[in-house]
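I opened this entry to look up how the parts of the chain meet. The sequence and the structure are placed below for reference.

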Amino acid sequence: MVGHSSSGKTSYMAGLYSIFGDDKDGIGITTYDQAKNKRLKMIAHDIRLGKYPTSTDIASEYNFHLTINGDSIIPFNWYDYRGGALSQSSKNSPEVAALVNKICEANALIVFLDGEKIVQSTDDELEEEYEILLWAIQKSIGSKNNNNYFPISFVMTKGDLYDDYSVLYESNGLDYFMPLIKNIKDGKAAAGMVTACEVSSGGIYNIFPPLLFSLYYGMSDYIKKRINYLNSEIESYNKLWPNLLDDIFGELSEIFGSGSYKTDRQQARESMAKIQQEKNNLELLESCQKGMKEQIDSWVEENVILAF
Ligand SMILES: Nc1nc2c(ncn2[C@@H]2O[C@H](COP(=O)(O)OP(=O)(O)OP(=O)(O)O)[C@@H](O)[C@H]2O)c(=O)[nH]1
Ligand SMILES: [Mg+2]
């Protein structure tokens, strides 16, 4: 996720985690990093009491696992890009180059637009604020392969400041992004959406769409690549160790105990079991795609998101 300082990235992440973190029901996210787990929950707890987090002064990365009904399915990394860096940069700065690289490597992008700024800023202020970000996103899309759609979600934050989200949708700031939105719509490299959210003492609303949109469009490429890789691993294990999976001898040596060392074959069998487990997980995820698309379509119908 990328967005300027104070656009609401960390608050969003904490809001997301407070609802979907360690969720045992349906889709959830979890981190085994106990310190981060505690910190995210603490931030959300504080926000509900009206106290926001301090600014993220360094870029931080969360190593999450996607869970389905509490079972860990795939690992994914979520990068909280330090917003402050963008305002002080020029197009040729190393920080901007690093951002472009990061977006190129990513499976999904969530752009945070400060709900206060996009409504209040003048054209000049918007240009100063968003020119580099817009340029970086455009450049990244240009270098994506066109085999599948790269998901880009624009999240307008701080929706609680307005009686109606239409203020955000009709803002000068969102208008500034229209050329990029049109490019995404007309091209085949990316799939885009806009939504508004709020994370405040009044409640946490509308934070699931960017996650699901990112997952739906971002994961098919990942699943394909991973399954191809796992299949090639299975093939090479099978060549080296025929009939590894119904390895009776391995079972027997486990029962009788083979001393303090593990045989190569036992090790291979364990690796093979892990590969099979990951493949099962990926296939389970793949089977959720249809349901995810239906959910996204119903959000479009209900104007919760605007897709393009
Ligand atoms: N009213 C309202 N204010 C919000 C909301 N989200 C964030 N804020 C305000 O915006 C400030 C910045 O939020 P953060 O989540 O820290 O923003 P950030 O994008 O992580 O900022 P950096 O870490 O500096 O890049 C908070 O201190 C709040 O004052 C929201 O949903 N509603
Ligand atoms: Mg932050």
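How many residues of domain 1 are in contact with residues of domain 2? I worked from a predicted model, and I found 19 residues of domain 1 in contact with 13 residues of domain 2.

Domain bounds. I noted that domain 1 covers 2-220 + 296-307, while domain 2 covers 222-295. I then looked up the centres of domain 1 and domain 2, taken over C-alpha atoms, and they are 35 Å apart.

Interface. I recorded about 1600 Å² of area buried between domain 1 and domain 2. Carbon and sulfur atoms give 63% of that buried area. For polar contact between domain 1 and domain 2, I noted a count of 15 residue pairs, both residues being at pLDDT 80 or more. On the side of domain 1 that touches domain 2, I listed β3 (60-68), β4 (71-80), α10 and α13 (289-301) as the elements giving two or more residues. The largest share of that side comes from α10, with seven residues.

Salt bridges. I looked across the interface of domain 1 and domain 2, where the rule finds one salt bridge. I also looked up lysine 293, which forms a salt bridge with aspartate 297. The closest N and O atoms of this pair are 2.9 Å apart.

Helix α10. I turned next to α10 (residues 208-240), a helix of 33 residues. From first C-alpha to last, α10 reaches 45 Å, close to the 48 Å expected at 1.5 Å a residue. I noted a kink of about 40° in α10, centred on methionine 219.

Notes:
Residues are numbered from 1 along each chain as its sequence is written. Chains are lettered from A and ligands numbered from 1 in the order in which they are written. This is a predicted model: local features need pLDDT of at least 70, side-chain atom pairs count only at pLDDT 80 or more; totals for chains, interfaces and linings use all residues. Side-chain values use heavy atoms; hydrogens and water are left out. Helices (H or I, at least four residues) and strands (E, at least two) are DSSP runs, numbered from the N terminus. The expected span of a helix is 1.5 Å times one less than its number of residues. The bend at a residue is the angle between axes fitted to the seven residues ending there and the seven starting there. Domain bounds come from an automatic or database domain assignment. Contact means heavy atoms within 4.5 Å. Buried area is the accessible area (1.4 Å probe) that two parts lose on being put together, summed over both. A salt bridge is a side-chain nitrogen of Lys or Arg within 4 Å of a carboxyl oxygen of Asp or Glu. A polar contact is a pair of N or O atoms within 3.5 Å; within protein, one must be able to donate a hydrogen and the other to accept it, and residues adjacent in sequence count only if both atoms are side-chain atoms.
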